[in-house]
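Here is a short briefing on one structure. It covers a sheet, its strands and some helix packing.

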Amino acid sequence: MSQKKKSAKSNRPQQKQPMVSAATSSYYTDSLGFMSMDSNVPGLSNVILEKLNLKSYEEYRTAVDGKSLTTNFGIRTYYDMFQKMEDTYKFCAQCKKLPSLLPDPRSMRRCKRCQNVYYCGSECQRENWPFHKKFCRKLKLAAIDRLVEWLIFTGDIPFPTKPWIKPFSELKNWEDWFSMQEGLEEKLDSIMASRYMAILWSNAGKPRPEDNELRESIKRLMTDFFTRPMTIGFAINAFSVDPYVKPITVHVIGASHIETLNIRATDYDELAKMFPGNQGIEVVMVGPEVVDGPVMRPPLVAYGPRGRVYVSGYKGLYHVFWETVIESQQAARPDLVVGFHPGFHASQGLAEGWLPTLLLLRDYSIPSMFTMYSEHEMKYSLQILAELETQVLSFGPFPFSSLKPEQVQSDPNKTPASSNAFHLLFRGTIGADSETDMAGLDGADIS
Ligand SMILES: [Zn+2]
Ligand SMILES: [Zn+2]
C-alpha cells in the first residue's frame, strides 16, 4: 500500500453522496469485534442479543444509534439488569460451552477468587487453572469495575474536580493528577456511601468487595472517564497549541458510540480545568458512528464560550466533513486532531477507509494524535503512517491510559487491554532532511 503524495482534495465532490452511505455501513468497527466473539465461543453474540431482547446486530445498532433510545431492553429490576449483564460472561472458560448446552444450565460454577470466569464443572476448572491463574487477579479487578462502572451512569462517578494548580507539563502520571484533587479521601468516601453503591451490591449477585478494593475501583473508573480529555490535554501540551491566546478547536475523528453514546455535554469539562482562563475550547466529534444525543449540535462558526468547553458533533466520514463543512467555512479548521483507537490493524478495509483522512491530515500538516489499545496496534499504525511518508514525532506507552482492565469477553484468559494504552503524535510529511527512524521502536519520544 505504498501511496505517493496524493492530494486529499482529489476526491471529486459528485461521488460524495452515494459513496458515504455505501461506505458508512462497513465502518462499524465494533461489528467486527462483535461477530468475532463467536469464533471463540460459538453462539455468544446471540446470547448477548437475546439478553437485550434484540433480534439481530442491526437492531442493536439501531438501538445504540439512538433511533429507539426509549427501549429499556426489557429490564425491569436492578437485579434483572445485573444478571443479564453477567449472563453475557457465562460460558465455560475451558471448553467454551454455553449454559444452554449443559443438562442443568444452573450448574455453571464461577471461580471464587475472581468472581469472573465460569466453568461447566470441576474437571474443566482444574484443567483451566494453569492458564487462568495468570489472569485471575486482573480479572477480579475487571469484574469489580464492570459493576462499579454503573455509577458513571448514575452520575456518582466522576466526583467533581478542581481547576488545575499545575501546568500539564508538570504531570507525569495519574498519581500526580489525583494529588491535585483536594479532599480525595472524602470524595471517595461519599461515593462509597452513596445510595446507588448500596443498590449495586444488594443486586449484583456477588459478594461486596472490601472497601479498599472498591475505592481502587472508583479511582480506576475515574481514570477511564478522564483518559479522553487527558489525551487531548496531552496533545495540546505536546504540540504547544495555546488556548490562552485564542479559542481552539479540537476534532475527535473516527468517534464512535464508545465516545458518544451516553455522552454529556460536560464530559470534556476537565479541559477547561486543565487550562483555567482559556479563550474557549471546542471539541467536535466526527465519525460515521457518532450517536445522536446532546452533543449532536453543529460545530461552532464563531468563537466558542471563553473559559469553557463546547462539545459538538458531525455524523459522517472525516474527509466528507472537511470538504462540505470546513471548506465552506461553516466550521473552524482544527488546531489539533485526536483519534481514539482508530484500529487500522483490525482489517485492511478499515485502514483503507481511513486513507483519505490520513492524507488530508498529512497534507494540511494538522497536529495529530492517535491512541491504541496495544503495542501491536501501535506498530501497525506506525507502519501505515510510514508508508504514507507522514512525519511521526513521538510514540510509546501513554502515561494517562485508562487503568480499568478491559477483559476480552469471549476469551477471558488473555491479557486485558486498556484504553489509550499507547499513543503516537504525527504531523505533516517526512522532510528530506528530517527522516524519522521507524526502525528503533524502543527509542520512543523523538520530539
Ligand atoms: Zn467446560
Ligand atoms: Zn479466577
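Both faces of β6 are covered: Leu336, Val338 and Phe340 are buried on one side, Val337 and Gly339 on the other. Buried means 20 or more other C-beta atoms within 10 Å of a residue's own; exposed means 12 or fewer, and partly exposed lies in between, with C-beta atoms placed from the backbone. This is a predicted model: local features need pLDDT of at least 70, side-chain atom pairs count only at pLDDT 80 or more, and totals for chains, interfaces and linings use all residues. Residues are numbered from 1 along each chain as its sequence is written, while chains are lettered from A and ligands numbered from 1 in the order in which they are written.

**Strand β6 and its partners**

- Strand β6 spans residues 336–340, and five of its five residues are buried. Strands (E, at least two residues) and helices (H or I, at least four) are DSSP runs, numbered from the N terminus.
- Strand β3 (residues 248–253) runs parallel to β6, joined by four bridges. Val250 has Leu336 as its bridge partner in β6.
- β7 also runs parallel to β6, again through four bridges. Here Val338 stands opposite Met369 of β7.

**The sheet**

- The sheet is open, with seven strands in the order β5-β4-β3-β6-β7-β9-β8 and mixed pairing. Two strands pair if DSSP finds at least two bridges between them.
- β5 (309–315) and β8 (390–397) are the edge strands, each pairing on one side only.
- From one strand to the next, the twist averages 20 degrees.
- β4 (residues 281–287) and β5 run parallel, with seven bridges between them. Val283 stands opposite Val311 in β5.
- Helix α17 (residues 375–387) packs on the sheet and touches β7 (368–372), β8 and β9 (422–429). The direction of α17 makes about 5 degrees with that of β9. Axes are lines fitted to C-alpha atoms, for helices over the stretch in contact; angles run from 0 to 180 degrees between N-to-C directions.

**Helix α7 against α12**

- The axes of α7 (residues 136–148) and α12 (residues 211–238) come within 9 Å and cross at roughly 70 degrees. That makes the two helices roughly perpendicular. The cut-offs are under 35 degrees for roughly parallel, over 145 for roughly antiparallel, 65 to 115 for roughly perpendicular, and oblique for the rest.
- Ile144, Asp145 and Val148 of α7 meet Glu213, Leu214, Ser217, Ile218, Arg220 and Leu221 of α12. Contact means C-beta atoms, placed from the backbone, within 7 Å.
- The residues of this contact are five nonpolar, one polar and three charged. Ala, Val, Leu, Ile, Met, Phe, Trp, Tyr, Cys and Pro count as nonpolar, Asp, Glu, Lys and Arg as charged, and the others, Gly among them, as polar.

**Helix α10 against α12**

- α10 (residues 184–192) packs on α12 at about 105 degrees, with the axes 10 Å apart. The pair is therefore roughly perpendicular.
- Leu188, Ile191 and Met192 of α10 make the contact with Asp211, Leu214, Arg215 and Ile218 of α12. Those residues divide into five nonpolar, no polar and two charged.

**Met192**

- Met192 lies in α10. Met192 is partly exposed because 14 other C-beta atoms lie within 10 Å.
- Beyond its neighbours within four places in sequence, Met192 contacts Met197, Asp211, Leu214 and Arg215.

Note on methods:
Two residues are in contact if their C-beta atoms, placed from the backbone, lie within 7 Å.
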